[in-house]
Protein chains: 2
Amino acid sequence: MRFEVRVSFKPGVLDAEGNAALDALKSLGFKASGVATAKVYYIETAEPQARVEEMCRKLLANPIIQDYRISKV
Amino acid sequence: MRFEVRVSFKPGVLDAEGNAALDALKSLGFKASGVATAKVYYIETAEPQARVEEMCRKLLANPIIQDYRISKV
């Protein structure tokens, strides 16, 4: 089975890469008012979704500053 | 308008972060056979989609090794 795990920053947490991308877009002449980033992991696994949750908590996401969303794809 | 840009590696390109995540998941006792990664940018902009394409080509993606997919969200 294939799961998609999307890891994003919690609201209010500094997204340095998003801010850098926004600055760069503006300096290239694009009009943009905000850029946020997220990381996606596509995981091929025979484990059930509850175990994918565990993967997120133990490895893929930092629960202090990040949220994650799991979906089957 | 808000666009989602998803940047992933072209097939056959080494996904070092995905491979590292796979190794780490296995070492933690999870059964997984593959991990691939992608980066998502959420862009708030008044520009049309053709200009978002241009953002991808000029800044957000490396067309030699990466594919990108743009969607309105």
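In this predicted model, a network of salt bridges links Glu4(A), Arg6(A), Glu4(B) and Arg6(B). The search over all chains of the whole structure returns 16 salt bridges, and three of these pairs are set out below.

| Arg6(A) | Glu4(B) | 3.3 Å |

The salt bridge between Arg6(A) and Glu4(B) joins two chains, because Arg6(A) belongs to strand E1 (residues 2–9) of chain A while Glu4(B) belongs to strand E1 of chain B. Arg6(A) counts as buried because its relative accessibility is 7%, and Glu4(B), with a relative accessible area of 11%, is likewise buried.

Within chain B, Glu4(B) sits in strand E1, which spans residues 2–9, and both Arg6(B) and Glu4(B) are buried. The side chain of Glu4(B) makes polar contacts with the side chain of Arg6(A) at 3.3 Å and with that of Arg6(B) at 3.3 Å. When residues up to four places away in sequence are not counted, Glu4(B) touches Arg6(A) and a set of chain B residues, including Val40(B), Tyr41(B), Tyr42(B) and Arg69(B).

The pair Lys58(B) and Glu54(B) has another setting: these two residues both lie in helix H2 (residues 49–60) of chain B, 4 residues apart, or about one turn of the helix. Lys58(B) counts as exposed because its relative accessibility is 51%, whereas Glu54(B), with a relative accessible area of 18%, is buried.

How values were computed: Residues are numbered from 1 along each chain as its sequence is written. Chains are lettered from A and ligands numbered from 1 in the order in which they are written. This is a predicted model: local features need pLDDT of at least 70, side-chain atom pairs count only at pLDDT 80 or more; totals for chains, interfaces and linings use all residues. Side-chain values use heavy atoms; hydrogens and water are left out. A polar contact is a pair of N or O atoms within 3.5 Å; within protein, one must be able to donate a hydrogen and the other to accept it, and residues adjacent in sequence count only if both atoms are side-chain atoms. Contact means heavy atoms within 4.5 Å. A salt bridge is a side-chain nitrogen of Lys or Arg within 4 Å of a carboxyl oxygen of Asp or Glu. Buried means under 20% relative accessible area, exposed over 50%, partly exposed in between (1.4 Å probe, protein chains only).
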